[in-house]
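We will go from stop to stop, looking at charged pairs and then at a greasy spot.

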Amino acid sequence: MEENFYKIEDVSTKTGFTKRCLRYYEDVGLVIPKRTSGSYRLYSDRDIENLEKIKDLKESLGFSLKQVKEFLFLRTSIIDMFAANNTSDAEMYIDRLKVQINFINEKEKSLERVKKRCCEVLEQLEDFKRNR
């Protein structure tokens with residue numbers, strides 16, 4: 001299967017990230033595009049998939065960039081472990097996954113609380129409008 005590569009402008013359009021943001025994500029190690037001999041960045045389909053995961057983790061789940069990086073590292077480590085059929089470290093990874101699951105569950109509870117508060121404020125505003 002042939003691998004496709006895209007310039008930073010194309011990736012910016014596809015993902016909605018600014019070029020500056022893409023460069024920053026490269027600087028912090030979230031994505032590592034290939035470089036041409038002229039030092040142009042070339043992003044693969046896999047890089048774009050990772051960028052979409054980053055967007056989902058940040059926007060939907062409220063992860064910080066540090067948490068995103070830890071999550072992606074953990075995911076890669078787990079994939080590598082099972083690809084190498086090295087299950088002796090499985091318990092360690094399972095424990096890490098449990099920590100991540102707990103974190104996500106706490107984020108969900110927090111978002112539910114925020115949603116509830118917003119609904120209460122909207123109800124109060126509606127009551128205020130009716131009583132004016």
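Select E26 to begin: this residue is buried, with a relative accessible area of 17% (buried means under 20% relative accessible area, exposed over 50% and partly exposed in between, using a 1.4 Å probe and protein chains only). Before going on, note that this is a predicted model, in which local features need pLDDT of at least 70 and side-chain atom pairs count only at pLDDT 80 or more, while totals for chains, interfaces and linings use all residues. Residues are numbered from 1 along each chain as its sequence is written, and side-chain values use heavy atoms, with hydrogens and water left out.

The side chains of E26 and R35 meet in a salt bridge, 3.1 Å from N to O (that is, a side-chain nitrogen of Lys or Arg within 4 Å of a carboxyl oxygen of Asp or Glu). Side chains of opposite charge can pair when their charged atoms come close.

Next, move to helix α5, residues 90-131 (helices are DSSP runs of H or I with at least four residues, and strands are runs of E with at least two, numbered from the N terminus). Select K109 and E106, whose closest N and O atoms are 3.6 Å apart in a salt bridge. These two are three residues apart in the helix, which means they are separated by about one helical turn. K109 is partly exposed at 46%, and E106 is also partly exposed, at 44%.

Stay in helix α5 and select D127 and R130, again three residues apart and separated by about one helical turn. How far apart are the closest N and O atoms of their salt bridge? The distance is 2.3 Å. D127 is partly exposed at 37%, whereas R130 is exposed at 58%. By the salt-bridge rule, the count comes to four.

For the last stop, select V121, L122 and L125, which form a nonpolar patch on the surface with about 270 Å² of accessible area together. Patch members have over 30% relative accessible area and no salt bridge; like charges are joined within 9 Å, and nonpolar side chains (Val, Leu, Ile, Met, Phe, Trp, Tyr) within 5 Å. Accessible areas come from the Shrake-Rupley method with a 1.4 Å probe, and for residues only the protein chains shown count as cover. L122 sits in helix α5 and is exposed, at 52% relative accessibility.
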